[in-house]
Amino acid sequence: PKAHRRYCCLKRPLFSSFPVLPQNHNVVRNPSLYNKPFVESYEETPLLVAVLTYMGYGILTIFGYLRDFMRHWNIEKCSVARERDEQKDFVPLYQDFENFYTRNLYTRIRDNWNRPLCGVPGSKMDIVEQVSHDYNRTFQNTGKIMRDVINMGSYNYLGFAENVGQCADAAIQVTEKYGSGVCGTRCEMGNLDIHQEMEELVARFLGVESALTFGMGFATNSMNIPALAGKGCLILSDELNHASLVLGARLSGSTIRVFKHNNMVSLEKLLRDAIVHGQPRTHRPWKKLLIVVEGIYSMEGSIVRLPEVIALKKRYKAFLYLDEAHSIGALGPNGKGVVDYFGLDPKDVDIMMGTFTKSFGAAGGYIGGKRELIQYLRSHSHSAVYATSMPPPVAQQIITSMTTIMGEDGTSLGADRLRQLSENTTYFRRKLREMGFIIYGNDDSPVVPMMLYMPAKIGAFGREMLKRNIGTVVVGFPATPIIESRARFCVSAAHTRETLDVVRGVRGVSGPLLMLRFSMNPPPPPPPHTHTHTQVGRPGAPGVHHHLSG
């Protein structure tokens, strides 16, 4: 075929000396691409814990079918949404298993989510107390407020989500000048000078030629990927990419192939196959190869192996789409994200995407890159053409917080917060490991997943922590694999060392009560500065660290 004749003389793969191994193995590659230690660990689930977890879901499934049988014969009342008998011949509205899961498991622990807040999501927060009298099907407010609950769940990485200080003062002034909203699209009387100022600042912050901002972070991915790729294009997506990236790829109409999480052998194999074989049936070359990855993966706490991804992208002439929703402002010596963290050139990333909803304490998202790319998106992106402009106070919040991070406000507040976030992350992760918990992810990631595994412990952990005035996020299926439930802590620069001693409260919950100290490994020693540590594998792979001269 034409595609094969054209590319049959490809050079040896960058990682060809390392075979594609089962997902529970670890491989090492190209330490020369890293200029600093890179440590990630995913400790293998203990056998007893895995068996008990499967048994727990098995018991729940058996009782679930028993209760469904009772509901079918009206022995037990069914209070959840379901299809009526006359709808059975139509396309089903619900997937059978997910609806079964919702009826028989999610409802039991539903009180751990959707709790109303009535204050600023800083290091501490106020929560409206709720009770349920029908087994979590409905909730009623008691009228009481739970004060000063330690906030370990918000994405407020740098502590800019506040109602006092220079960000709040600047937003108030802009509200008085422009009002609270624009009530129009950017191309129809909705483009203000403050939007232009914000985009120029974002481009300068990222180190790119131009940038375009949007009012919604989710739509930044879901509406812009279809504008960048279409039929005849191939999207190579990490298996753990966010739902917005998955939706955008599907809406684009492109062919999608998924590679194993952070596994460069898997990615390179897909790239080579795409070039050698071309499109299905016709074997014509793909119009475009687009690699889609995230900076920090919010459920795993892992950091993308960006130096290796860029090396592959250059070798195989692909394009790179980098989602820095969780990494922008939270990584790097200057807070400029994963590119800054690895000391790379921003020009090596074709499409730099991120959100303002986390480190900047605002809302919306951005895309940065070459000027031609941004001009194309201004007229082809549905989110840019049809969505209402970002409210002026939100734009000012972004400008003020970003200026502070860059140090252009004349203070060291931004640098202090970046340093505090880094210190808090290192301290909190070290404490949890010392206590015997299984912690996933990179040592520098402020997203800290702690494994719970068993279904009954999802709800029990969240409730017991709240009793101790600690607000946490517990995560289960479908946000994670069904047997890899976890609690996810988000560390913030707003936390003090005293606040982070929340681990003492965790010890009280996890010790005699819930028995969550699953780790079988001793805490790893601090890595030497003259070595590069790499570990490859999906969550659940053995936590083995490799020491390489780098």
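A salt bridge is taken here as a side-chain nitrogen of Lys or Arg within 4 Å of a carboxyl oxygen of Asp or Glu. Going by that cut-off, the structure, which is a predicted model, comes out with 21 salt bridges.

One of these pairs up the side chains of Arg 186 and Glu 199, with the closest N and O atoms 2.9 Å apart. Arg 186 sits in the loop between α4 (166–178) and α5 (193–206), while Glu 199 belongs to helix α5, so the contact ties together parts that are 13 residues apart in sequence. Arg 186 has a relative accessibility of 18% and therefore counts as buried, the cut-off for that being under 20%. Glu 199 is buried as well, with a relative accessible area of 4%.

Glu 199 also meets the side chain of Arg 378 in a salt bridge, at 3.1 Å from N to O. This pair links distant parts of the chain, since Arg 378 is in helix α12 (residues 371–380) and Glu 199 in helix α5, 179 residues apart. Arg 378 is partly exposed, at 29% relative accessible area.

Elsewhere, Arg 67, Asp 68, Arg 71, Glu 76 and Arg 103 are joined up in a network of salt bridges. Within that group, the side chains of Arg 71 and Glu 76 meet at 3.6 Å, N to O. Arg 71 is buried, with a relative accessible area of 5%, and Glu 76 is buried too, at 17%.

On the surface, a nonpolar patch is formed by Ile 59, Ile 62, Phe 63, Leu 66, Phe 69, Trp 73 and Ile 75, which together have about 810 Å² of accessible area. Trp 73 is found in the loop between α2 (47–72) and α3 (96–104). With 55% relative accessibility, Trp 73 counts as exposed, because the cut-off for that class is over 50%.

Terms used
Residues numbered from 1 in each chain as written. Predicted model: local features only at pLDDT ≥ 70, side-chain atom pairs only at ≥ 80, totals over all residues. Heavy atoms only, no water. Patch = residues over 30% accessible without salt bridge, like charges linked within 9 Å, V, L, I, M, F, W, Y side chains within 5 Å. Areas by Shrake-Rupley, 256 points an atom, 1.4 Å probe, with all protein chains shown as cover. Helix = DSSP H or I, 4+ residues; strand = E, 2+ residues; numbered from the N terminus. Buried < 20%, exposed > 50% of the residue type's maximum accessible area, 1.4 Å probe, protein only.
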